[in-house]
Amino acid sequence: MIDIRNVSKWYGPVQVLNDCNVQINKGDVVVVCGPSGSGKSTLIKTVNGLEPIQKGEIFVDGVQVNGKSTDLPKLRSRVGMVFQHFELFPHLSVTENLTIAQVKVLGRSADDAKSRGLKMLDRVGLMAHKDKYPGQLSGGQQQRVAIARALSMDPIVMLFDEPTSALDPEMVGEVLDVMVNLAKEGMTMMVVTHEMGFARKVANRVIFIDVGGRILEDCSKDEFFGNPEARQPRTKDFLNKILSH
Amino acid sequence: MIDIRNVSKWYGPVQVLNDCNVQINKGDVVVVCGPSGSGKSTLIKTVNGLEPIQKGEIFVDGVQVNGKSTDLPKLRSRVGMVFQHFELFPHLSVTENLTIAQVKVLGRSADDAKSRGLKMLDRVGLMAHKDKYPGQLSGGQQQRVAIARALSMDPIVMLFDEPTSALDPEMVGEVLDVMVNLAKEGMTMMVVTHEMGFARKVANRVIFIDVGGRILEDCSKDEFFGNPEARQPRTKDFLNKILSH
Amino acid sequence: MALDWQVFCQDTIDKTVVKGCFGTGGATGTQTYLDWLLQAWGQTIIVAGLSLIVALVVGAIIGTIRTLPDNPWLARIGNWWVELFRNIPLLVQIFLWYHVVPVLIPAFAKTPKLALVVFGLGLFTSARVAEQLRAGIQALPRGQRYAGMALGFTTLQYYRYVLLPMAFRIIIPPLTSEAMNIFKNSSVAFAVSITELTFFAQQAGEETARGIEIYMAVTVLYVISAFAINRIMAFIEKRSRVPGLVASTGGGGH
Amino acid sequence: MLDFSFFTGEVFRGYILQGLYFSLALTAVSTLGGTVFGTVLALMRLSGKGFLAWPATVYVNGMRSIPLLMVLLWFFLLVPFIIGRPIGAELTAVITFIAFEAAYFSEIVRAGIQSIARGQIFAGQALGMSYGQNMRLVILPQAFRNMTPVFLTQTIILFQDTSLVYIITAHDLLHGFTVAGNNLSHPRESFILAAVFYFVICFSLSWAVKKLQAKIAIIR
Amino acid sequence: QANDTIAKVKAGGKVVMGTRESSAPLAYTLGNNQFVGYHVELCQRILKSIFPGVPVEYVAVTSANRIPLVQNGTVDIECGSTTNNEARQKDVAFGLTTYVTEVRTAVKVGSPVKSVADLNGKTVATTTGTTSVALLRKNKRAQGITFNEVYGKDHADSFLLLESGRADAFVMDDNILAGLIAGSSNPKGFKIVGETLNVEPIAVMIRKDDPKFKAAVDDYIRKAFKDGEIKLLYKKWFLDPIPPKNVAVNLPMGSVLTELSKNPNDKPAEAFNK
Ligand SMILES: Nc1ncnc2c1ncn2[C@@H]1O[C@H](COP(=O)(O)OP(=O)(O)OP(=O)(O)O)[C@@H](O)[C@H]1O
Ligand SMILES: Nc1ncnc2c1ncn2[C@@H]1O[C@H](COP(=O)(O)OP(=O)(O)OP(=O)(O)O)[C@@H](O)[C@H]1O
Ligand SMILES: [Mg+2]
Ligand SMILES: [Mg+2]
């Protein structure tokens, strides 16, 4: 479903992705982890073309993302994305956030969009807040709305960029719960996160990127957590750090 | 050492601390936890008078913080404080950050201040960075410098307000390590944190505040973690949330 | 329309073209329009420079007292200062300083006109500097103030060592436009007989009937001045840049 | 020492009203024109295309480094030559103010657009919005709200700047006070009254801006 | 040829008179866009005879912008207090001299200043954009005296400088001085003193190279001198009380103008001060 082939990327002279290769199949839940600044966000943003790449190729559902004539908006409308800082549109109500892209991008009728959006809102348990503005919600609630917004577009795959790292600890759980359910229902997901509990619970693959944008590990969850001896030293070091406390 | 008696505080009409009572003795390590917005930061800031209170009394080492004629700057200079966002002075180098208050507040000579400051810097393991500026350090390093800065003033007690919650996960450990050592050396500490691992390791008391600023629990670490049945429902709920993932 | 740049070499009295384009100078010597132009530029620089100093000093004080904790009266005075000086057009303020204040307050009657203009322009701009400084101080994370207090600094000390150094760095971009504004606004000084560039443009344009050439020269000098200020402020910004910190920007106003 | 009794309703109607009307009209018209022209300039500068961005940058920076008084003198001198027929001081003032204020408004619009966090732009893109949709539905609505206060403040400054049209003998509010003061032999009182007038108008406007700001601000 | 005012006015259906706001009694405003004065009324009559029935539009000009305004066509005829001199004749044309002003000095009653020489060390006011600025410079250099100049942006401003004590003297055309003094809150507090620094013919100003219009203007003026119309106008504005305060300027016709009225000409100031 997602095919990242020999991708490299530079910001000016600085290389941030170094010959990355990732294949994600339908129904996969892939967790990406790595130290700060290693290029996790950059990698996930290249998947729907939010960040251009200088080398390699990326295919999503057979469409080449970095192709010259690719209809990027169309492709993006089929890929759901959830950001670290939610990025709800603050000037629109929750319902408007859920429907605007359905109407303007997919061309759905206002009614269809609304019923689809509210269904998703219900799914993340926030029906009661449909008329509020993002600024009136807690971080956890905002992130759940953001997930509902992405789901309303009926995406074939969902990308998550550290969806819980800007949240207060008590709110992490509510967002992770939504994601766990999504994974269980068979959604294809690529998730940048440090929540190793989540990875243990639902990931079927774990990818580790080191600073400089090189993929050091790409293996099954069981291999990743169950066989620490076989891991690279950098990976062990990183896992030690984030699991020690 | 710290005696918080019947303290209440309002922001306008909103009550944020509700008849709080806490006694902290020399050598105590007290962990304060509670949901977002419950008043943890407010409570800890009242201890050195950063936030005024409307009712009750607070004594630090026998001095009444909210007394009319209290020399607050002097009192504060004896209480170390570490903030969520480090709050190093960005325009000063690490060494200057460590020495400025020693010189300007305690009246130490530049040389004394420097040798004291660098000793503390060494203690947090950052001697190599003494001439850098805060913006050139990682979050974890900045927070360790902030701890060293507070320690340079030879405080009789240290206050920590969520010292690790603004850090990337890989950096949490390095800061907690410094704090654990400090606790082991017998420093009196009041720590707002969600890091229950830290609480388990070194706290001798845990305080739980609920929204509205009411202290629901104030008991020994063993009682808090070892006897979940005896906890209030709100506490159990909160612990469930932050420990679940 | 042919341009005739020789007009700048003319003597300002008998309109003959002077060799070398500079007069002999002095109280009784000859003077060309070029001499006069440069003199006028000097006046512009003096008025703007002195006003800038007044604006910065007063603006810093007013801006600071508006952010002091637990001192609503000082803050109120600061707020009224800003409202007063920014809600009356500069030209009106200069007229007041020049024609009204000396009558109401006799002590000002003997004050040189330059000083009155500097007061007018300086205080007008001080309101804007104060507004920017207040915004700059408030843009700093609240924790910075707390951190200063927690270390035992007195209010004066944490302003001096913690808040102001950063606030001033943050507001260098808007201060740059204020400094450029002060140069431009000094043109209003001609209304009260300061013989600066705009006065020169009007008077020499009239005397020589070569408005375009005169205006062009004056405009070029204004642009050069603005550019120079811009470079100086960029230099200051560079010198005061904190390693590892990305600067934020502000804007607006003129 | 001061005697304000000369300032009767008749004096107000005779000398002041016309100037007040002109100042307000000039402010309104040049705000409108300046915004339109300024937005074009801002979009040119943000287009990333050199042949659009460069002239706009030169224009904006050039205008911003010359005093309004000089710009007025220039336009007063040049506009009749350029358009080949005489126009009055009032019309010159309008043209000058639009041209001049556009440079300032364009900076406000530009800053407003740039104030939108990159994440918001990414979010719109990620939902499949085209550049135009993203601008129209996500960026501009927020940008306009963000810049409203600065925009209105600039308008108040513009209103004050109308006092400078005396140099081309257009009849603005201040002019009315000056003439009334001179002809009725109370110039000082007249200046004070002018100051009070301007203060009341500008202060109420900026107070209204604050209220409005609180009202339209995006809840965060 | 563009400079055909008569054709332009016919085509445009209106004629634009440039005038001054505070050059009483030659030209000044009563507010409400209403202009009056010796030259204003004279021009009204001229225009009425040349363009009967054509509405007159008034544009207030300043010393500094009147010439460009006439040149660029904003103003068809300027009727204020403009000196006819050689430099200006390069850019514009003048009607026959209708008033002769003598540049003199106004001071407060009780001032020791009696002549230009007494100005040494004093502060002297004059108005930006007028010939007096250059005149002062010339005298300064010729007589080797030093004084400070202050410049008002218009005559009223300059007079305010004198009134408030910012200046010790105000050097300007005598009629303007007289008008300002008469209109001031304390007409008895000022006097006009000293030698005549310059004699200046004042005339209405029109575009250069427009012989048809100039001839029409000059013909009317010549006729008005001859049949005493100008004398009446002079009396009305210089000797009788005038609005808005109904005080008289009280400046009898000087010898030069009296002489001129017999044989009007349009010679520049330089010809008068030989
Ligand atoms: N717009 C940009 N211009 C220049 N460099 C950039 C830009 N965006 C990111 N970088 C750099 O690229 C590298 C990778 O950034 P990225 O945000 O992908 O890291 P990350 O792994 O997501 O880190 P984090 O855990 O902090 O989110 C970093 O070194 C970063 O500084
Ligand atoms: N300056 C202020 N003005 C008004 N209300 C405030 C102010 N500061 C804090 N509050 C309110 O007081 C309450 C307690 O705030 P406090 O920051 O102490 O909570 P906290 O427990 O530290 O939360 P967090 O975990 O988010 O840091 C909150 O409801 C907050 O909104
Ligand atoms: Mg990232
Ligand atoms: Mg807090």
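Predicted model: local features only at pLDDT ≥ 70, side-chain atom pairs only at ≥ 80, totals over all residues.
Biologist: How are residues, chains and ligands numbered or lettered, and which pLDDT do local features need?
Modeller: Residues are numbered from 1 along each chain as its sequence is written, while chains are lettered from A and ligands numbered from 1 in the order in which they are written. Side-chain values use heavy atoms, without hydrogens and water; totals for chains, interfaces and linings use all residues, side-chain atom pairs count only at pLDDT 80 or more, and local features need a pLDDT of at least 70.

Biologist: At what angle do helix 3 and helix 4 of chain A pack?
Modeller: Two packed helices are described by the angle between their axes and the distance between the axes. In chain A, helix 3 covers residues 94–104 and helix 4 covers residues 110–123. Their axes, lines fitted to C-alpha atoms over the stretch in contact, are 8 Å apart, and the angle (from 0 to 180 degrees between N-to-C directions) is about 130°.

Biologist: Which word describes how helix 3 of chain A lies to helix 4 of chain A?
Modeller: Angles under 35 degrees count as roughly parallel, over 145 as roughly antiparallel, 65 to 115 as roughly perpendicular and the rest as oblique. The two helices of chain A pack at about 130°. Helix 3 of chain A and helix 4 of chain A are therefore oblique.

Biologist: Residues from which chains surround ligand 2?
Modeller: The residues around ligand 2 (a heavy atom within 4 Å) include B:Tyr11, B:Lys40 and C:Arg142. The site is therefore shared between chains, namely B and C.

Technical notes:
Helix = DSSP H or I, 4+ residues; strand = E, 2+ residues; numbered from the N terminus.
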